[in-house]
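Biologist: Hi, could you walk me through this structure? I'd like to start with a helix and then move to the ligand.

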Amino acid sequence: MSTLKAVRGTRDLLPPETELWNFVEETARRVFAGYNFGEIRTPIFEDTQLFARGVGEETDIVSKEMYTWEDRARAQSEKAQSLTLRPENTAGVVRAYIEHKLGETGLLQKLYYIGPQFRRERPQKGRYRQFWQIGAEVIGPPSAGAESPLRDAEVLEMLATFLDELGITGWRLEINSVGSATDRPRYIAALREALAPVKHLMCEDNQRRAETNPLRVLDSKDPNDQEIIDKLPKIADYLDEVSKAHFAAVLAALDACGVEYEVNPRLVRGLDYYTRTTFEFTHGGLGAQNALLGGGRYDGLSEAIGGPKAPGIGFAMGEDRLILTLEAQAAKQTSFADAYLAPMGETLNPAALELARELRRGGLRVELGDGAFRLKKSFEMGNKLARKIVLFGEDELQSGILTVKDFASGEQVKVPRAELVAALKQN
Ligand code: HAM
């Protein structure tokens, strides 16, 4: 009998890794509590219509990636129903907001969730079919100030604080405005018009998107289509005065609290409910799936699924990707020295020891090689132990100009001894 394995795109999380998952979740609960968020737990499956109407029929998520089945009636009083494993949790949270009449409190609802989501995507590093999200939503009646740009900025500031608390370094915040429900159709019409004469030159995927969902062309990564995409109309030119003022106020509030960002006019995101602010936090260490988290404002979502006017803003982080980033950072910190010192000749060993002492006193992690090793062996050892190798023979020692090679990039530079500590500290 063949052995059974976890289904493609799903995986087991085992100790000790689960400790890291708990650490991430505990940090989220602690940080979010400081902003007065409370936890919500919604069902893992919902009526398929919720996602069709909320997330959008034309999105990749709804049209291609959902796990949907027909649930048979068990009794005459029951009807057969199409059900779907949740591919995301914003639609479910807004459904719960409507169902429990939370708007009638007249207060903003600040809700966070931690749980698995399901999408039938092509699995790769950082992309799974069952993955975990930690997300939060701020929703409420307009009278509670749910539309205020202050709410957008507060959510973004909370995310920056959370990532800093986790110890994730090197993240980038990209932000854009996709306009209001009236700006978007005007922009989409302009995109269609601009795409009509050129779309046949684009890849098959983009030709299809140009027909079904032209906004999605903007975040295509196809290298051959970039020149065309760069020349397409920009959403910023189609925002009405209210949307422009909203976006400016969000950016001003971020400036005021020192959260750094980059405006990316092509950031449209893959869900149809967004209005005005959209954002992503990316991390270079993640490779192709570089979005640590994504989110934005969805002022019309409640009405789209039959509820009262309830503007909102929120985000979801890929917990799997937070863990991957933390693990990569820890591996770099714990197993890699900053430099491997390779003296070329045994007689240089005392000078190498002296240099190692100098660099260690400068705050570096240094692995001391041995001048008795051949150059090839020094390179092999250094590559296993350190990010960079410092090479020197008698001449270099005399001149005080040493050679530094970065193993990852292959770049080799000459560095004066007085500048060595600073050069080795650079990533
Ligand atoms: P999303 O961009 O589809 O947005 O997903 C948010 C994050 O979930 C992504 O940035 C990524 O880190 C993670 N993620 C998505 N798909 C996968 C996958 N297949 N494997 C691993 N991680 C994945 C939403 O889901 C919105 N509900 C966010 C939101 C909340 N907007 C407003 N409120």
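**Helix, core and ligand**

Modeller: Happy to! This is a predicted model. In α5, the buried residues are R151, D152, A153, V155, L156, M158, L159, A160, F162, L163 and L166.

Biologist: Which residues touch the most other members in the largest nonpolar core?

Modeller: F32, F279, F281 and F315 do, in a core of 41 residues. Helix α5 (residues 149-166) gives the most to this core, nine residues. There is also a second, separate core of 38 residues, with V93, L111, Y187 and Y298 among them.

Biologist: Switching to the ligand: which side chains have an N or O atom by a ligand nitrogen?

Modeller: For E121 the distance to a ligand nitrogen is 2.7 Å, and for Y273 it is 3.0 Å. A ligand oxygen also lies 3.1 Å from a backbone N or O atom of L292.

Biologist: How much of the ligand does the protein bury?

Modeller: The protein buries 96% of the 650 Å² that the ligand exposes when taken alone.

Biologist: Nice! What is the shell around the ligand made of, by class?

Modeller: It has 11 nonpolar, eight polar and seven charged residues. Strand β10 gives the most to that shell, with six residues.

Definitions and conventions. Residues numbered from 1 in each chain as written. Predicted model: local features only at pLDDT ≥ 70, side-chain atom pairs only at ≥ 80, totals over all residues. Heavy atoms only, no water. Core = buried A, V, L, I, M, F, W, Y, C linked by side-chain atoms within 4.5 Å. Buried < 20%, exposed > 50% of the residue type's maximum accessible area, 1.4 Å probe, protein only. Helix = DSSP H or I, 4+ residues; strand = E, 2+ residues; numbered from the N terminus. Polar contact = N/O pair within 3.5 Å; in protein donor to acceptor, adjacent residues only side chain to side chain. Areas by Shrake-Rupley, 256 points an atom, 1.4 Å probe, with all protein chains shown as cover. Nonpolar A, V, L, I, M, F, W, Y, C, P; charged D, E, K, R; others polar.
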